[in-house]
Every structure is written in structure tokens, then in C-alpha cells.
Amino acid sequence: MKRPIISGIQQIGLGNVDVYKTFAWYRRHFGMDVRIFDEAAEAGLMLPYTGGEPRSRHAVLAVNMQGGGGLEIWQYTSREPEAPGFDIQLGDTGICIARYKSRDVKAAFGRMKAQGLDLVSDISYAPDSRAHFYVRDLYGNLCEVVGGESWFRKTNAVTGGIYGCSIGVSDIDKARVVYSDILGYDQVVYDKRGTFADWTSLPGGGDTFRRVLLKHSQPRAGAFSRLLGQSEIELIQVEGRQPRPIFEGRFWGDLGYIHLCFDINGMREMRELCAAKGFKFTVDSSESFDMGEAAGHFSYIEDPDGTLIEFVETHKVPVLKKFNLYLNLKNRKPEKPLPNWMVRSLAFNRVKD
């Protein structure tokens with residue numbers, strides 16, 4: 001079976017109550033200042049996750065030109081987005097922490113402290129001995145800052161973009177069918193059981209856990225692979241407590257981290273691979289969708305606990321919107337990265353404060 005090409009984490013979806021206020025916060029504090037699209041429309045294809053009805057929404061996709069994945073800032077406009085009905089604890093199933101990379105974790109901590117951000121922890125050390133810390137965004141979502149690799153360019157931001165995330169699962173070995181066999185995170189950096197000093201300040205962090213950090217042994221390929229770069233996934237399994245689904249009783253798009261999205265080429269091959277592993281597409285846009293300023297083909301699967309994984313095959317992205325200039329990606333070698341100068345042209349969409 002021919003495998004699809006995965007270029008990297010394209011974005012993590014973040015449900016929130018004010019798309020522009022959230023975008024401004026992440027611009028200032030995480031350097032997510034390049035706007036790929038900004039569109040208000042109806043989400044008509046996500047019916048399995050929106051109560052069986054199309055829902056209006058407003059979304060902005062922001063990236064950091066130092067490299068890493070983006071953030072899709074997503075807000076319902078036809079209904080009030082709901083908060084969780086309980087206090088989320090580490091190990092509850094779903095995406096619980098977004099991970100950002102930094103060239104200098106100490107400098108990032110110092111700047112965020114000076115800016116008065118809600119630092120949940122001091123600098124501590126993960127099971128692989130890397131320095132990291134946790135901070136909450138303006139709506140309480142947990143972000144982790146950790147030393148990272150594969151930088152695209154240098155800016156003044158103290159972090160790069162999305163470097164991965166932490167995901168609560170009920171059974172790590174079952175979850176790895178999705179995260180290792182399908183998504184390619186096949187390299188185990190650590191697999192530890194116990195209590196962890198670096199989590200004592202996090203909600204539920206005093207419990208006993210199994211923590212597995214995964215990386216991909218094969219370099220990513222494809223158009224945006226140099227920008228998206230390397231990434232990692234930490235799977236979290238709590239022991240001695242029954243985890244609850246983070247989106248229990250709520251819709252996709254409600255408050256919190258709503259999905260993990262990968263930029264790919266070869267949607268047909270991805271459909272076949274997922275089906276062969278027992279994870280059929282639950283949503284498929286069928287060829288091209290149009291986001292007004294960007295276009296492509298998207299689909300979704302669920303991991304064994306219902307966490308949503310999105311695949312996007314990008315067809316066009318804007319470079320200079322006022323001149324109607326776009327990158328068209330449909331008729332090029334799928335495994336070949338775009339030239340650096342071409343990817344850097346996305347910076348023309350930078351939003352300055």
C-alpha cells in the first residue's frame with residue numbers, strides 16, 4: 001500500500017469566545033502573527049460533531065514564521081460556545097496541552113513572567129531531562145514551552161509555533177495504532193510510570209500516570225515540511241482514576257483544543273491506510289473545499305477515545321491577497337518541499353500590533 005505524505009502538524013484547533021482577542025494574545029506572546037486565512041462561514045460538513053446541524057463560525061489560522069504548526073482560532077457565531085461541565089484533570093481524554101518550541105526556554109519564561117502571564121509552573125524538567133514550563137492562555141488553556149528543533153527562520157518571538165501536544169488516552173497501546181502506525185510517531189523517547197515532579201502544579205498532576213513521548217523517526221516531506229518541521233506527541237494515561245472525555249456532552253468547536261490537524265498529500269492513500277487500521281474517515285469534504293482565502297481537501301478520524309484528528313490536503317494558500325496572489329499546490333511533486341523564499345512569502349500576511 002502506498003503511504004500518504006505527512007508534511008507535519010498544520011495546526012491545532014482552539015475553540016474560544018473571541019477570535020480576534022485570542023489572535024491578538026497569541027500574536028503578542030507566542031509570535032503567531034502571520035494570518036493564513038480569516039473567514040466567517042457555515043461549518044456544514046461537521047454534522048456528526050455539531051449536533052446534526054450546520055453551525056456558523058469564524059476562524060483565523062495563525063502561524064509563526066520561526067517554524068512549527070499553526071493555531072486555528074475557532075469561534076461559534078450561531079451559538080454560545082460551551083465550557084467543560086467539570087474541572088479538566090491531566091489524563092482526561094482529549095488534547096489537554098498545546099506544546100510550543102523555544103530556542104531559549106529560560107528567556108521565554110522570563111519574558112512571559114515580565115508580561116504578567118499566568119505561569120502555572122516554574123521551569124522544571126521533563127522525563128527526558130529537557131527544561132520546560134506551563135502557562136495558561138487568556139481563557140485558561142494550558143500551553144507548554146519546551147526546547148525544540150528544526151527552525152525555519154529567526155524572529156524576535158521567544159517561541160516558535162506548535163511543536164506537538166499532550167493527549168489524554170485511556171489505553172496508550174491502543175492509541176499508538178493512530179499516533180504511531182498512521183501518523184508516524186514511531187520513536188519512543190520515554191515511557192515512564194509513576195508520579196512526576198514537573199506536573200505537581202497542574203490540575204490532577206499529583207496522580208499516577210503512564211507518560212509516553214513519541215517522535216517520528218522519518219523526516220517529514222511535502223510542500224510545507226520545512227516550515228512545519230519536527231514535532232512530538234505525549235500520550236498520557238492516568239492510573240487509579242477513570243478519565244472523562246474533555247468534550248463530554250459538548251460540540252466540536254466549543255471551548256478548548258478541538259482537534260489536531262496534519263498537512264498531508266495523498267488523501268486517497270490516507271483514507272485506505274486509516275480504514276486498514278480500523279479508523280475510517282468520519283468526515284470527508286470530497287475533493288476541494290474553499291475557505292475563502294485558502295482551499296484544499298479535509299477529512300477526520302477519531303482516535304480510540306474520540307479525539308479528533310484532521311487531515312488537510314492543501315490546494316492553495318494566499319501570499320498577497322490584495323493582489324489576488326496565491327500559491328497553487330495541485331500540480332507539483334507532492335514530496336518536494338517548497339523553496340524557502342516561497343514559504344517566506346507567507347510573511348506578507350503578518351499582522352502587526
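## Start and end of helix 2

At the start of helix 2, the backbone nitrogen of K106 has a side-chain oxygen of D104 within 3.2 Å. This description rests on a predicted model. Just after helix 2, G116 adopts a positive phi of about 75°.

## The two sides of helix 2

Helix 2 covers residues 105-114, and its buried residues are V105, A108, F109 and M112. Viewed down the helix axis, these buried residues fall within an arc of 100°, so they line one face of helix 2. The face turned away from that buried side carries K106 and A114, both exposed.

What do the buried residues of helix 2 pack against? Their partners are one helix, helix 1 (19-30), together with strand 5 (94-102), strand 6 (118-119), strand 8 (131-136) and strand 9 (142-147).

## Two serines with positive phi

S129 is not a glycine, yet it has a positive phi of about 75°. The residue sits in the loop between strand 7 (124-125) and strand 8. Is S129 buried or exposed? Its relative accessible area is 57%, so S129 is exposed, the cut-off for that class being over 50%.

With a relative accessible area of 23%, S150 is partly exposed.

E269 lies in helix 5, which spans residues 267-276. Its relative accessibility is 10%, and because the limit for buried is under 20%, E269 counts as buried. Which residues does E269 contact, once neighbours within four places in sequence are set aside? They are K2, R3 and P4.

E53 is found in the loop between strand 2 (34-43) and strand 3 (55-63). At 42% relative accessibility, E53 counts as partly exposed. E53 and A43 are separated by 10 residues in sequence, and their C-alpha atoms are 9.0 Å apart in space.

Technical notes
Residues are numbered from 1 along each chain as its sequence is written. This is a predicted model: local features need pLDDT of at least 70, side-chain atom pairs count only at pLDDT 80 or more; totals for chains, interfaces and linings use all residues. Side-chain values use heavy atoms; hydrogens and water are left out. Buried means under 20% relative accessible area, exposed over 50%, partly exposed in between (1.4 Å probe, protein chains only). Helices (H or I, at least four residues) and strands (E, at least two) are DSSP runs, numbered from the N terminus. The arc is that of the directions from the helix axis to the C-beta atoms. Contact means heavy atoms within 4.5 Å. A polar contact is a pair of N or O atoms within 3.5 Å; within protein, one must be able to donate a hydrogen and the other to accept it, and residues adjacent in sequence count only if both atoms are side-chain atoms.
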